Amino acid sequence: TSAPLLFVHVIQILKMRANRVRSDDSTTEGTVRRAVLDIDANQVGFNFIHKPGGEAHLLYICATLFLKEGVDVCIVADGPSRHDSKRASSTRKADRLRNAIQWTKARIELATLLLNNNNII
């Protein structure tokens, strides 16, 4: 079985990668290289758009969590130049999640109907 990926694991992975890059680079010997994480503001904003506090505030909280752990954060926002394929992939993801919820509801309704019919017979 697999273990859930926790925030602390993500931090460890980012720091290990930063250390590996530092050890491979002989010109930066003896310097500390901090882990860096790029955050797609459009993707995070899309996922939190209807949450209390708004997408900008939640993006700030997300970035702050990483900064407190010593990981530098670069927030990337494409703005109006965002390619249609990126916008479409977010929409497809939302559609898949919405469909999965609808299928789960349908399976629950079907199971309930089957249980009720078995009790009648």
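Ile61 counts as partly exposed because its relative accessibility is 35%; partly exposed lies between buried, under 20% relative accessible area, and exposed, over 50% (1.4 Å probe, protein chains only). Ile61 sits in helix 3. Helices here are DSSP runs of H or I with at least four residues, strands are runs of E with at least two, and both are numbered from the N terminus.

This is a predicted model, in which local features need pLDDT of at least 70 and side-chain atom pairs count only at pLDDT 80 or more, while totals for chains, interfaces and linings use all residues. Residues are numbered from 1 along each chain as its sequence is written, and side-chain values use heavy atoms, without hydrogens and water.

The chain holds 4 helices and 2 strands. Their order from the N terminus is α-β-α-α-β-α. Buried residues make up 15% of the 121 residues.

Now look inside. In soluble globular proteins, nonpolar side chains tend to be buried together. The largest nonpolar core here has 12 residues, including Leu14, Ala35, Leu37, Phe66 and Val71. Such a core is a set of buried Ala, Val, Leu, Ile, Met, Phe, Trp, Tyr and Cys residues joined through side-chain atoms within 4.5 Å. Helix 1 (7-24), strand 1 (35-40), helix 2 (41-47) and helix 3 each supply at least two of its residues.

Take Leu14 as an example. Leaving aside neighbours within four places in sequence, Leu14 is in contact (heavy atoms within 4.5 Å) with Ala35, Val36, Leu37, Phe66 and Val71. Across the chain, 60% of the contacts with a separation of 6 or more join residues 24 or more positions apart.
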